[in-house]
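Here is a short briefing on one protein chain. Keep the sequence and the 3D view open as you read.

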Amino acid sequence: MLFFLISCFSFLLLSKSFSLKPFLLMTNDWRLLSLPWFWEELCSFIVSWLQKGTLDISFYQASQIMPLKKINHGAKVERVEEERVISLLDLPDLALECILERLSPAGLCSMAEVCASLRERCRSDHFWEKHMKPKWGRLIGDAAYREWECHLASTKRPTLLAQNKQNALLSFVQRIFPLSWIRPKLECKNEPRNSLPVDSIMALFLSLESGKFCFPAQVYNRENRNVGFMLSCYDAKLCYDSQTDTFLASYSTCGRRMTEDNIRWDRIRAPAVDTPSNVLHISDCLSDLNPGDHVEIQWRRNKEFPYGWWYCVVGHLESCSGNENYCHCPYRDTVILEFKQYTPGSRWRRTTISRKDHREEGDEAGGFYGGIRKLYLQDEISTWKSLWPAQILE
Ligand SMILES: [Zn+2]
């Protein structure tokens, strides 16, 4: 271990931008190895150093010049330079893990190209979860994972088509993550270099990033600025475009396939409930609806259309003054739902549902109202409010 430290710090000294004198003086003290900040500082430095890409020698060919050694040959004393090749793989597991978990997706992809050992490490779910959750965790729900499993089932068979898809994916990765700062030297000839495990988180992440995997989600305010969809949320298949950092949505309506592009992240959510868009949602909150509650209700234009989810609030009955001391609304069977994005008097402003006997209700003129869900999370309510139209609708 001491040898590693000496080797490692000598190696770092080759970069002239960093002084490690204080560290070198301390390496004689074994207690240093147990200090958490020591590993943190070491890893942070190596990662930032690697990512700067300023190294003008091959990382894996780096030669470490050991202290000059004197050798006697008779009366002469020669100064001989001892050279020893060091590798990133010589690092202890803990140090290597510290470095890898600080790499960006691009860094992990680059490092995975170096050799078979680093390829296996860099494709570990452990490192990719750290990138998957912050960026995609909010959007990739149960429905998306089921779709991904179906996608895997169709690609696990070693067909030519599947191989072509994987090659296309790797071409994309190489295009967006150029490997300019690192030169692979250690290559295992017996293993296909490009074989990416299809059931890994890395595969899912890269498939999402490349737009190769289109996932089911819901789009707020479909057909952006179309008043007919204001404060609603409809199911769609979303494909990510990394160039614009937006999504392309495709959905079917009345048998026609429609698309909408340039959809931003804040207009997308994972489906809130596990109910397909053509199925009536079973409402389980009817007995818990009180004036002021925020809810979503299914609605569709006619029975040929899919349901969308529409935001509304529970209102007071006409027989109630709205004074909470005398409000009897929670004890009545009829529940008033108010769509306050529409002007008072609009036929879209209010509807009623039965608390005890709720089912799909409506007609061809006013559309059909379906299942209802109460919003308990402030985040969900805030999202709807952030989408509020600039002007009240007729
Ligand atoms: Zn009331």
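This is a predicted model: local features need pLDDT of at least 70, side-chain atom pairs count only at pLDDT 80 or more; totals for chains, interfaces and linings use all residues.

The chain holds 11 helices and 15 strands. Of its 394 residues, 24% count as buried.

**Whole chain**

**The nonpolar core**
- The largest nonpolar core has 58 residues.
- The residues with the most contacts inside this core are L108, M111, V219, L238, I297, W310 and L337.
- Helix α10, residues 201–210, gives the largest share of this core, with seven residues.
- Leaving aside neighbours within four places in sequence, L238 is in contact with C214, F215, A217, F247, A249 and I268.

**Helix α5**
- Helix α5 covers residues 105–112.
- This helix is largely enclosed by the rest of the structure, because seven of its eight residues are buried.
- The buried residues in α5 are P105, G107, L108, C109, S110, M111 and A112.
- Two of these, L108 and M111, are also among the residues with the most contacts inside the largest nonpolar core.

**Helices α7 and α10**
- Helix α7 covers residues 125–136, and its axis comes within 8 Å of the axis of α10.
- The two axes cross at roughly 35 degrees, and the crossing is left-handed.
- From α7, the contact is made by D125, W128, E129, H131, M132 and W136.
- From α10, the contact is made by I201, M202, F205 and L208.
- These contact residues divide into seven nonpolar, one polar and two charged.
- Look at how the contact residues are spaced along each helix. An α-helix has 3.6 residues a turn, so residues three or four places apart point the same way.

- Leaving aside neighbours within four places in sequence, L152 is in contact with V198 and D199.
- L152 and D199 are 47 residues apart in sequence, but their C-alpha atoms are 6.8 Å apart in space.
- T155 and D199 are 44 residues apart along the chain, and their C-alpha atoms are separated by 9.9 Å.

Methods: Residues are numbered from 1 along each chain as its sequence is written. A nonpolar core is a set of buried Ala, Val, Leu, Ile, Met, Phe, Trp, Tyr and Cys residues joined through C-beta atoms within 7 Å. A residue is buried if 20 or more other C-beta atoms lie within 10 Å of its own, exposed if 12 or fewer, and partly exposed in between; C-beta atoms are placed from the backbone. Helices (H or I, at least four residues) and strands (E, at least two) are DSSP runs, numbered from the N terminus. Two residues are in contact if their C-beta atoms, placed from the backbone, lie within 7 Å. Axes are lines fitted to C-alpha atoms, for helices over the stretch in contact, and angles run from 0 to 180 degrees between N-to-C directions. A crossing is left-handed if the near helix is turned anticlockwise from the far one by less than a right angle, and right-handed if clockwise. Ala, Val, Leu, Ile, Met, Phe, Trp, Tyr, Cys and Pro count as nonpolar, Asp, Glu, Lys and Arg as charged, and the others, Gly among them, as polar.
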